[in-house]
Amino acid sequence: QYQLVDSGGGLVQPGGSLRLSCEASGFKLDDYLVGWFRQVPGEEREGVSCISSDGSRRNYADPVKGRFTISRDYAKNVVYLQMNNLKGDDSGVYYCAAAYWTNRAACSMSAGSYGKNDWGKGTRVTVGS
């Protein structure tokens, strides 16, 4: 069964780190671009980062540049989001999403680029003392 499982969230103090994982089940993630999104109550999901299927392109939202790193492990069928120097504004539920594009060097941080069924269930990140 085609499924994305996002995990790795938790409670962390400001300045701390977390690594989120987006694992594909039932299909190979190799041919899919992957995006990470954050959502807080009352707001739409906003793009945080994305990585192309060939790994050559990695985009980041301005607030996380220099602090977050997206990567993929083809052997493990997983995409990671390493989050360092976390701040209170980073809190929220993080979702990964995957999409198949023929352009293997492109990715998207727009939620509309991903289908309704192309998302994980989310993992909560809380940054606070």
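A: A residue is called buried under 20% relative accessible area, exposed over 50%, and partly exposed in between, with a 1.4 Å probe and protein chains only. This is a predicted model, in which local features need pLDDT of at least 70 and side-chain atom pairs count only at pLDDT 80 or more, while totals for chains, interfaces and linings use all residues. Residues are numbered from 1 along each chain as its sequence is written, and side-chain values use heavy atoms, with hydrogens and water left out.

Q: OK, how many disulfides are in the whole structure?

A: Searching the whole structure turns up two disulfides, a disulfide being a pair of cysteine sulfur atoms within 2.5 Å.

Q: And how are the bonded cysteines paired in sequence order?

A: When the bonded cysteines of the protein chain are numbered in sequence order, the pairing reads 1-3, 2-4.

Q: Take cysteine 22, then: which cysteine does a disulfide join to it?

A: Its partner is cysteine 96, with an S to S distance of 2.2 Å. Cysteine 22 sits in strand β3 (residues 18–25) and cysteine 96 in strand β9 (residues 92–100), so this pair ties together parts 74 residues apart in sequence; strands here are DSSP runs of E with at least two residues, helices are runs of H or I with at least four, and both are numbered from the N terminus.

Q: What's the handedness there, and why?

A: The disulfide of cysteine 22 and cysteine 96 is right-handed because the torsion about its S-S bond is about 70°. Cysteine 22 and cysteine 96 are both buried.

Q: What about cysteine 50, which residue does it form a disulfide with?

A: Cysteine 50 is bonded to cysteine 107, and their sulfur atoms are 2.1 Å apart. Because cysteine 50 belongs to strand β5 (residues 46–51) and cysteine 107 to the loop between β9 and β10 (123–127), the pair ties together parts that are 57 residues apart in sequence. The link of cysteine 50 and cysteine 107 is right-handed, with 50° about the S-S bond.

Q: Is cysteine 107 buried or exposed?

A: Cysteine 107 counts as buried at 12% relative accessibility, and cysteine 50 counts as buried at 0%.

Q: Switching topic, how many salt bridges are there?

A: The count comes to five salt bridges, where a salt bridge is a side-chain nitrogen of Lys or Arg within 4 Å of a carboxyl oxygen of Asp or Glu. One of them brings together the side chains of aspartate 31 and arginine 104, at 3.0 Å from N to O. That pair links distant parts of the chain, with aspartate 31 in the loop between β3 and β4 (32–39) and arginine 104 in the loop between β9 and β10, 73 residues apart.

Q: How accessible is aspartate 31?

A: Aspartate 31 is partly exposed, at a relative accessible area of 37%, and arginine 104 is partly exposed as well, at 33%.

Q: Which residue forms a salt bridge with aspartate 90?

A: Arginine 67 does, with the closest N and O atoms 2.7 Å apart. Aspartate 90 lies in the loop between β8 (78–83) and β9, and arginine 67 in the loop between β6 (58–60) and β7 (68–73), so the pair ties together parts 23 residues apart in sequence. Aspartate 90 and arginine 67 are both buried.
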